[in-house]
Amino acid sequence: MQSGLYIVGTPIGNLSDMSPRAIEILKKVDLIAAEDTRVFAKLASHFDIKTPRISCHEHNEQEVIPELIKKLQAGASIAAVSDAGMPGISDPGFRLVRAARAENIPVYVVPGPVAAISALVLSGFPTDRFTFCGFFDEKKLRDDNKIRHTIIYYESPNRIMATISALNRVMPERQIAIVREITKLHEETIIGYPADLMHIEQPRGEIVIVIAPAPEHKMSDNEITDIVNDIASNLSTKSAAADLAKRAGISKKEAYKRMLKKEDE
């Protein structure tokens with residue numbers, strides 16, 4: 001077993017997605033740094049992995065990473081795993097990799113499932129360009145809407161209906177896909193415009209939201225007016241006009257005229 005840090009992907013739901021190589025690496029390394037050792041214990045029991053393990057998560061990384069680096073420098077082999085999927089993708093991992101790279105410690109990857117990419121493929125939306133924005137943050141939504149290609153978010157079931165409502169206010173013209181429970185028994189993909197999904201039964205389980213690219217055609221006058229009303233009170237006239245131009249597919253000059261007209265009302 002070569003010494004170094006191994007970034008190991010694990011299933012996001014279906015245990016059959018665990019690769020033979022991942023099992024082999026986790027059995028052979030000297031130590032496993034797990035996001036939550038209790039969660040990993042279930043996976044370890046299923047695959048008869050008896051390797052010693054230590055917790056390494058966002059709340060203790062500052063203390064644990066230096067210890068792991070010392071072990072790696074001494075020639076140890078360590079595997080890093082998150083609760084599900086690939087470490088470092090909205091999960092702990094990237095700081096450990098960065099620290100290892102800084103000390104010229106070999107880093108290897110053992111690929112596994114990624115919920116964001118799986119949801120993207122399931123959505124049927126364009127995949128040639130996409131941006132993963134991590135967990136949904138309504139405060140950043142207007143800036144995110146300036147991204148005109150496909151967007152991907154993670155979201156919790158407790159907030160999903162409020163998120164759909166926010167998407168309906170800011171990007172009503174863009175289709176969205178609500179993808180839940182990927183690879184599990186109740187896997188489901190719901191696609192529609194935000195207004196179409198406002199009153200669906202609240203989805204449960206692990207959720208990924210995929211936003212389709214912004215339409216290239218110009219919006220109707222009424223659609224543009226709705227956007228003007230939405231952003232008028234929150235931004236300066238210049239900033240609001242720039243936002244309107246991007247979202248509505250109109251010139252900045254036309255957008256500025258519309259915002260001035262709104263101010264005069």
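Strand 1 (4-8) and strand 4 (77-81) pair in the parallel sense over 4 bridges, where helices (H or I, at least four residues) and strands (E, at least two) are DSSP runs numbered from the N terminus, and two strands pair if DSSP finds at least two bridges between them. The model is a predicted one, in which local features need pLDDT of at least 70 and side-chain atom pairs count only at pLDDT 80 or more, while totals for chains, interfaces and linings use all residues. Residues are numbered from 1 along each chain as its sequence is written, and side-chain values use heavy atoms, with hydrogens and water left out.

Within the pairing of strand 1 and strand 4, Ile7 stands opposite Ala80 of strand 4. Strand 4 is also joined to strand 2 (residues 31-34) by 4 bridges, and these two strands run parallel; here Leu31 faces Ile78, and Ala34 stands opposite Val81. These pairings belong to an open sheet of 5 strands, which has the order 3-2-4-1-5 and parallel pairing. Strand 3 (53-55) and strand 5 stand at the edges with a single partner strand each, so that one side of each is left without a neighbour in the sheet. From one strand to the next, the twist averages 25°; axes are lines fitted to C-alpha atoms, for helices over the stretch in contact, and angles run from 0 to 180 degrees between N-to-C directions.

Helix 4 packs on this sheet, where it touches strand 1, strand 4 and strand 5, and its direction makes about 155° with that of strand 1; contact means heavy atoms within 4.5 Å.

In a regular strand the side chains alternate between the two faces of the sheet. In strand 4 both faces are covered, since Ser77, Ala79 and Val81 on one side and Ile78 and Ala80 on the other are all buried, a term that means under 20% relative accessible area, as against exposed for over 50% and partly exposed in between (1.4 Å probe, protein chains only). Because 5 of the 5 residues of strand 4 are buried, this strand is largely enclosed by the rest of the structure.

In helix 4 (residues 94-102), the buried residues are Leu96, Ala99 and Ala100. These residues lie on the same side of helix 4 because they cover an arc of only 100° around the axis, the arc being that of the directions from the helix axis to the C-beta atoms. They pack against strand 1, helix 3 (61-73), strand 4 and strand 5 (107-110), whereas Arg98, Arg101 and Ala102 are exposed on the other side of helix 4. After helix 4 comes Asn104, whose phi is positive, near 60°.

The loop between strand 4 and helix 4 contains Gly85, which is buried, with a relative accessible area of 3%. Its C-alpha atom is separated by 4.9 Å from that of Thr10, although the two residues are 75 residues apart along the chain. When residues up to four places away in sequence are not counted, Gly85 touches Val8, Gly9, Thr10, Pro11, Ile12 and Pro113.

In helix 3 lies Lys70, which is exposed, with a relative accessible area of 60%. Between Lys70 and Glu103 the C-alpha to C-alpha distance is 10.0 Å, with 33 residues separating their positions in sequence.
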